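Visitor: I have a model open and want to learn how to read its features. Please take me through them one at a time.

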Amino acid sequence: RESDHRAWTPVTYTVTRQNATIQGLIQGKAYFFRIAAENIIGMGPFTETTKEILIRDPITVPDRPEDLEVKAVTKNSVTLTWNPPKYNGGSDITMYVLESRLIGKDKFHKVTKEKMLDRKFTVEGLKEGDTYEYRVSACNIVGQGKPSFCTKPITCKDEIAPPTLDLDFRDKLIVRVGEAFSLTGRYSGKPAPKVTWLKDDTVVKEDDRIKIKTTPTTLCLGILKSVREDTGKYCVTVENSTGSRKGFCQVNVVDRPSPPVGPVIFDEVFKDHMVVSWKPPLDDGGSEITNYIIEKKDTHKDLWMPVTSSTVKTTCKIPKLLEGREYQIRIYAENLYGISDPLISDEMKAKDRFRVPDAPEQPIIKDVTKDSAVVVWNKPYDGGKPITNYIVEKKETMATRWVKATKDPIFPGTKFKVPDLLEGCQYEFRVSAENEIGVGDPSPPSKPIFARDPIAKPSPPVNPEAIDKTKNSVDLSWQPPRHDGNGKIIGYLIEYQKVGDEEWKQANLTADSCPETNYKVTGLTEGLTYKFRVKAVNAAGESDPAHVPDPVEVKDRLEPPELILDANMAREQHVKAGDTLRLSAVIKGVPFPKVTWKKEDHEVSPKADIEVTGIGSKLEIRNTVHEDGGMYSLTVENPAGSKTVSVKVVVLDKPGPPRNLNVSDVRSDSCYLTWMEPEDDGGSVITNYVVERKDVASAQWVAISSSSKKRSHMAKYLMEGTQYLFRVAAENQYGRGPYVETLKPIKAIDPLHPPGPPKNLHHVDVDKTEVSLVWNRPDRDGGAEITGYLVEYQEDGADEWTKFQTVPMLDCVVTGL
């Protein structure tokens with residue numbers, strides 16, 4: 001029955017087993033059930049469920065937890081978090097089980113026996129460098145569900161994070177002396193950063209006044225009772241293995257100034273006033289001096305009287321004095337932070353002290369040139385009245401009379417450029433000072449000087465370098481000094497030093513042996529390393545040395561050969577016969593390459609002049625002939641390699657003789673000449689052929705054709721029976737080549753033909769071994785007299801004829817048959 005009904009409803013079938021399935025129940029409703037046993041007698045009593053049963057889906061284990069994440073890793077711990085499963089299996093989660101597996105092992109092991117319901121756990125006591133993976137399962141009353149997906153493998157090591165720095169102080173801080181100050185801030189980073197404090201790039205150390213406090217997250221530098229020496233640029237550095245951060249603060253510890261620096265100088269003393277001066281304090285207290293306070297005191301009284309408190313100059317006029325009384329002056333310096341201790345003067349009597357100025361000390365002469373000199377002197381005591389003028393005088397050393405250097409006043413400077421000196425003369429100078437009272441005594445004369453342009457030592461040579469080397473020498477090059485000291489550079493001194501030695505050796509003994517800006521240092525030892533330096537020399541002496549930057553190892557320098565071809569080494573070079581053939585190229589390479597000229601892979605003609613210099617090579621053939629043409633090659637070779645270039649040389653000349661002159665088709669008045677072109681056309685196209693003939697009885701050749709371009713010619717107008725010789729020559733733009741001549745004379749006659757057959761051959765007598773034959777003359781003799789008749793016989797049935805003999809007459813007896 002339903003729990004909210006009282007009526008029982010029977011199940012529609014009878015059950016013989018001890019279990020039953022009740023169907024047709026409504027999900028979400030609660031039911032009571034009862035069961036009774038029955039036999040043939042009847043039904044027994046019912047047994048009822050003790051409590052209602054709510055109809056719902058069956059309870060299963062939970063789904064797998066979700067979002068298992070690693071929140072923190074150190075070298076010996078891992079912190080993990082996760083979320084509950086999407087479905088708890090129909091029952092509340094009672095606990096979570098966290099398992100781990102060491103990478104390389106097969107099984108997972110429980111991490112802890114705790115229930116871990118807060119879904120966060122830190123696994124501790126791990127071994128640094130080990131790698132684990134983790135999974136977590138949820139449990140309910142049914143049991144343990146599927147584990148979550150595993151984490152990625154996690155290696156136990158400290159986390160890394162770059163340092164951060166957050167400062168509580170600004171770039172500048174002003175502190176009064178005696179006050180405390182502190183520089184604080186916060187920082188972070190993994191691994192824990194190291195904190196360092198610096199002052200003006202020096203590490204700050206703790207003492208009674210300086211305290212440094214550093215926690216895992218905060219930093220502090222504190223200074224108690226600051227002093228002026230604490231002024232400086234402070235720097236805090238936060239650094240770990242991933243980087244560093246810095247913070248800066250310029251701290252200025254300020255104080256009242258130190259006293260002005262004495263002594264107090266009485267620049268002027270009069271009966272009713274004085275002028276005094278002093279020097280500023282050594283320490284302005286870290287703040288600009290705003291003013292000086294000046295007081296005066298009559299030495300017979302104890303009272304100090306103010307003079308002024310508003311001057312910023314280091315000089316002051318002390319007025320309202322009584323003549324004859326002695327006075328003291330005291331001076332204070334003041335800045336924003338207070339007033340210094342006083343500077344007190346000596347006693348000084350107020351009275352006039354008027355006389356001419358003292359004689360200046362001996363003047364110094366500077367910047368002498370050929371026509372001027374600068375006289376410099378110190379200001380003498382002015383005799384109580386300000387100096388108004390200086391008088392500079394000059395005289396030649398051997399003269400007796402002093403002459404004023406200028407009529408213009410010289411004041412207030414204590415130097416004067418004396419003009420109009422005579423070059424080469426020796427001069428002395430003296431100076432007198434003048435005030436209201438008059439002109440004082442002159443100074444002692446200066447040291448004598450000659451009027452000429454000064455010569456100083458030159459500056460060092462510029463950019464010395466080693467530009468080449470061999471196994472026992474080094475070539476040096478440099479540029480002249482920037483300043484020659486107003487004297488001509490005589491030359492240069494070159495020194496060398498074996499690396500490791502202390503002593504420099506001279507490569508040349510005198511500067512004039514090397515007037516140019518290059519020098520070959522010889523006599524060096526192969527394989528050793530040397531340093532080099534160069535000095536410039538003028539009449540005033542040697543300059544400071546200029547060093548070749550790097551030591552030089554003495555050995556042959558290898559550079560593969562290089563050919564820079566001149567224009568006459570183009571691929572094909574044409575030269576007219578009789579002219580001069582020139583082939584040349586610039587050659588580079590270290591050591592200088594071996595140079596070889598060849599023609600068609602053979603030695604060049606002995607008539608060729610070959611010149612090899614340190615920079616190139618030249619081949620020259622004068623009065624060229626056609627045979628000088630061909631393929632010329634230039635080969636340069638050194639241990640670093642070789643290079644070859646070739647040029648085809650064509651010597652342009654008259655052609656060679658035509659070939660195979662042949663005479664055919666001879667008639668009584670003509671014949672036909674044929675020939676082949678010359679083997680050598682002279683490097684130019686054959687323009688025409690010249691054909692000539694000559695009667696053998698004559699010495700004169702006669703031209704029969706001079707413009708034919710064909711290689712054949714019909715020689716006409718011959719005289720029958722006359723014998724002729726023929727010759728042919730080829731011409732090109734450079735002239736006519738040699739003739740080719742017929743080998744034997746040609747007779748101008750019509751051609752001969754074989755005679756016709758004899759007529760009417762028959763026998764006139766027969767014997768047992770011989771036959772007598774007769775015949776008549778043939779109809780044609782072929783153009784020549786018949787010289788004889790050839791008689792042949794043949795056995796009947798045989799294939800071949802047998803020659804018997806040739807007879808001159810028209811009969812013959814054939815014997816031997």
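Visitor: Is Glu677 buried, partly exposed or exposed?

Guide: Buried means under 20% relative accessible area, exposed means over 50%, and partly exposed lies in between (1.4 Å probe, protein chains only). Glu677 has a relative accessible area of 33%, so Glu677 is partly exposed. This is a predicted model: local features need pLDDT of at least 70, side-chain atom pairs count only at pLDDT 80 or more, and totals for chains, interfaces and linings use all residues. Residues are numbered from 1 along each chain as its sequence is written, and side-chain values use heavy atoms, with hydrogens and water left out.

Visitor: Which side chain meets Glu677 in a salt bridge?

Guide: A salt bridge is a side-chain nitrogen of Lys or Arg within 4 Å of a carboxyl oxygen of Asp or Glu. Here the partner is Arg711, at 3.4 Å, N to O. Arg711 sits in the loop between β59 (702-708) and β60 (712-715), and Glu677 in the loop between β57 (671-676) and β58 (688-695), so the bridge ties together parts 34 residues apart in sequence. Arg711 is partly exposed at 44% relative accessibility. Strands (E, at least two residues) and helices (H or I, at least four) are DSSP runs, numbered from the N terminus.

Visitor: How many salt bridges does the rule give?

Guide: The count comes to 30. One of them joins Arg186 and Asp166, at 3.0 Å, N to O. Arg186 is in strand β15 (residues 181-190) and Asp166 in strand β13 (residues 161-167), so this pair ties together parts 20 residues apart in sequence. Arg186 is partly exposed at 36%, and Asp166 is partly exposed at 41%.

Visitor: What about Glu393 and Arg430?

Guide: Their side chains meet in a salt bridge at 2.7 Å, N to O. Glu393 lies in strand β33 (residues 389-396) and Arg430 in strand β36 (residues 426-434), 37 residues apart. Glu393 counts as buried, at 14% relative accessibility.

Visitor: How many helices and strands are in the protein chain?

Guide: The protein chain has 0 helices and 69 strands. The radius of gyration is taken over C-alpha atoms, and the globule rule is 2.2 Å times the number of residues to the power 0.38. For 817 residues the rule gives 28 Å, but the protein chain has 66 Å, so the chain is more spread out than a compact globule. Its C-alpha atoms fill a box of roughly 195 × 180 × 50 Å along the principal axes. Buried residues make up 37% of the 817 residues.
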